[in-house]
Amino acid sequence: MDVLSDLFLDYTLRTVALGSAALGVVSGALGAFAVLRRQALLGDAMSHAALPGVALAFLITGSRAPLILMIGAAVTGWLAAVAIVSIVRASRIKADTAMALMLSVCFGAGLVVLTFIQRQPAAGKAGLDRFLFGQAAAMLESDVITMAAVGALGLLGVLVLWKEFKLLSFDPDFAASLGIPTRRLDVLLTSLLVIAIVVGLKTVGVVLMSAMVVAPGAAARQWTDRLGTMVTLSALFGAGAGVLGALLSTTAETSTGPTIVLVATGMVAVSLLFAPARGLVWARLRAWRSQRMLALEAVLADLAALAAQHGSDATHPHDVGALHAVRGRVVMQRALAELAAEGLAQRHDGGGWSLTAQGLAEASRLARTRRASGDAP
Amino acid sequence: MSVRLRTGNALAVQATDLTLAYQQRPVLWDVDLEVPQGVLMAIVGPNGAGKTTLLRTVLGLLRPAAGEVRVFGRPYAEQRQLVAYVPQRGSVDWDFPTTALDIVTMGTYSGLGWVKRPGASERSRATAALTQVGMQAYANRQISQLSGGQQQRVFLARALVQDAQVYLMDEPFQGVDATTERAIVNLLRALRADGKTVVAVHHDLQTVAEYFDQVTLLNVRRIAAGPVDKVFTDENLRLTYGGRVAGIGGRTNGSGHEPSL
């Protein structure tokens with residue numbers, strides 16, 4: 001089967017791809033701010049708290065229209081965020097405890113209402129449990145339109161208040177000293193995050209939605225040192241993970257949420273390891289290279305010291321066995337081989353080693369720059 | 001002209017009877033802060049004395065249980081444009097994805113109003129401020145790649161861009177290198193020469209007399225305030241630090257830093 005051509009011809013696949021792209025862009029862009037503001041856990045609590053909202057909205061209205069369920073989800077998600085902030089402000093309970101508390105309480109309440117609904121004979125009840133782990137294949141055109149419209153609202157908010165949100169995220173105290181109403185902006189940005197969460201609920205599910213908020217932002221941060229680029233990349237990563245994960249889950253018939261999250265996590269892993277400036281692999285490589293350079297310079301200095309002891313004949317061969325004990329045999333052998341390859345050291349017939357004239361010059365140059373920069377020799 | 005009108009002859013900053021408590025524990029008790037125009041004033045006191053809290057209360061970041069703040073004779077809220085704030089360097093995450101120039105440009109935001117983005121003129125003002133603190137070469141550096149002293153100078157440049165009359169600084173000398181310390185001192189003097197007023201939380205008792213004209217000694221209550229040569233005495237420091245401070249009054253012997261209590 002050719003997924004790519006199906007993407008354009010097959011109605012279901014096209015709907016799934018468009019919807020997942022929309023949700024990925026929105027959750028990626030707003031998630032970048034959540035990552036920078038350390039609100040990852042808050043996002044998790046809010047997405048779990050959306051479940052009772054979905055269930056209650058259905059119970060009250062009897063409708064499964066995407067907008068109505070989204071509004072229900074947004075209301076309880078938002079209330080949970082308010083409750084968390086209030087608990088932290090009014091009591092001695094710390095933020096992480098308050099968030100864990102709200103998350104489990106709301107999720108539990110959501111499950112209770114869901115089970116209650118399942119036992120009702122009413123028609124059209126089926127499908128609400130999809131909100132747990134998400135199901136992309138169930139996406140309809142009406143879903144996609146609602147997701148795109150609601151998501152556009154969230155993106156518009158970020159674009160319009162870009163500089164205010166940037167300042168709020170970096171230095172809220174300074175923002176307040178400028179007379180910017182930081183409390184209200186904070187509520188607004190958190191509300192936009194709620195929008196990003198509810199847009200993805202039906203596709204990704206409440207349990208894993210927070211990963212879609214956090215993962216693209218975390219990955220994007222690795223690749224850039226500019227906020228604008230980070231938010232854009234995060235939106236692209238979100239869309240990529242959404243589309244790829246949703247298509248995979250639809251064709252392989254796995255749960256959509258977990259599949260999307262696995263793809264997003266893969267992006268984070270690649271970014272953590274291989275991003276140019278921050279990648280762990282490059283950092284290790286740089287550390288390893290500089291360690292080898294240092295070992296090389298140390299051996300060079302050792303040989304220069306031996307030569308100095310010997311007075312007139314600087315290229316007299318020395319037994320390096322004593323140095324093995326200090327530097328380690330493997331390090332010594334490798335360093336000597338490399339020095340020889342660069343023409344800085346030479347091996348004599350009896351097995352002894354000495355520096356070449358060039359090596360001596362290099363050793364004294366290094367010693368001079370060391371002294372100049374104030375390092376210990 | 002308008003600034004002239006709004007500043008008049010009043011005290012640059014006058015806070016009266018400020019009282020503030022965290023969960024029944026008073027942090028500021030009936031504190032007055034009187035800062036004449038055109039002086040450099042240090043706020044000095046032990047850890048937990050409420051120095052940062054005082055600054056944040058003056059700025060309206062904390063709401064006091066009692067007391068009021070006036071700037072050039074009018075309520076703070078009306079005069080906000082005349083006040084610039086330099087927070088403690090450690091109060092923000094320096095791994096934030098942005099450049100030194102961008103941080104300094106944030107000082108122009110209040111003049112821009114909502115929604116409008118900073119343009120060429122804001123960026124050139126920010127560049128000028130960076131130059132003033134000797135950081136123009138680092139304008140496009142990611143802020144986490146700057147040293148502590150350089151980060152502090154970026155914060156100072158951000159306040160300079162605000163073109164205020166009063167500068168409130170929270171420990172501007174904390175953890176900076178000697179170069180930055182000199183640069184900050186020169187900057188403070190240049191501000192004073194321009195008729196500006198500076199209030200700075202300061203930790204190093206050794207340098208109070210050298211760097212500042214006026215001092216407010218604080219330990220939850222205001223212990224003493226006034227010109228450094230009159231107020232910064234052994235007796236007052238003992239009252240402030242609880243009698244355990246050695247080698248004070250600007251005349252040195254050994255440990256110049258705040259005594260641990």
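Is A:E338 buried, partly exposed or exposed? I started my notebook with this one, and A:E338 turns out to be partly exposed, with a relative accessible area of 22%. Buried would have needed a value under 20%. A reminder to myself: this is a predicted model.

**Entry: the whole of chain A**

I looked up the secondary structure of chain A and found 17 helices and two strands. Then I checked how spread out the chain is. Its radius of gyration is 30 Å, while the globule rule gives 21 Å for 377 residues, so chain A is more spread out than a compact globule. I also noted the box that its C-alpha atoms fill, roughly 100 × 60 × 35 Å along the principal axes.

Next came burial and contacts. Of the 377 residues in chain A, 47% are buried. I took the contacts with a separation of 6 or more, and 69% of them are between residues 24 or more positions apart. The accessible surface is about 17,800 Å², and carbon and sulfur atoms hold 66% of that.

**Entry: charges**

I looked up the charges of chain A: there are 30 positive and 23 negative ones, and their mean positions lie 7 Å apart. Side chains of opposite charge can pair when their charged atoms come close. Over all chains, I get 18 salt bridges.

**Entry: back to A:E338**

What does A:E338 pair with? Its partner is A:R292, in a salt bridge of 3.2 Å from N to O. This pair links distant parts of the chain, with A:E338 in helix α16 and A:R292 in helix α14, 46 residues apart. I checked A:R292 as well, and it is partly exposed at 29%.

**Entry: a pair from further along the chain**

A:D186 and A:R37 form a salt bridge too, and their closest N and O atoms are 2.5 Å apart. A:D186 is in helix α10, A:R37 is in the loop between α2 and α3, and 149 residues separate them. Which of the two is buried? I found that A:R37 is buried, at 16% relative accessible area, whereas A:D186 is partly exposed at 29%.

**Entry: a pair within one helix**

I then looked at A:R365 and A:E362, a salt bridge with 2.9 Å between the closest N and O atoms. Both lie in helix α17, three residues apart, which is about one turn of the helix. A:R365 is partly exposed at 39%, and A:E362 is partly exposed at 24%.

Terms used
Residues are numbered from 1 along each chain as its sequence is written. Chains are lettered from A and ligands numbered from 1 in the order in which they are written. This is a predicted model: local features need pLDDT of at least 70, side-chain atom pairs count only at pLDDT 80 or more; totals for chains, interfaces and linings use all residues. Side-chain values use heavy atoms; hydrogens and water are left out. Helices (H or I, at least four residues) and strands (E, at least two) are DSSP runs, numbered from the N terminus. The radius of gyration is taken over C-alpha atoms; the globule rule is 2.2 Å times the number of residues to the power 0.38. Buried means under 20% relative accessible area, exposed over 50%, partly exposed in between (1.4 Å probe, protein chains only). Contact means heavy atoms within 4.5 Å. Accessible areas come from the Shrake-Rupley method with a 1.4 Å probe; for residues, only the protein chains shown count as cover. Lys and Arg count as positive and Asp and Glu as negative; His and the chain ends are not counted. The place of a charge is taken as NZ of Lys, CZ of Arg, CG of Asp or CD of Glu. A salt bridge is a side-chain nitrogen of Lys or Arg within 4 Å of a carboxyl oxygen of Asp or Glu.
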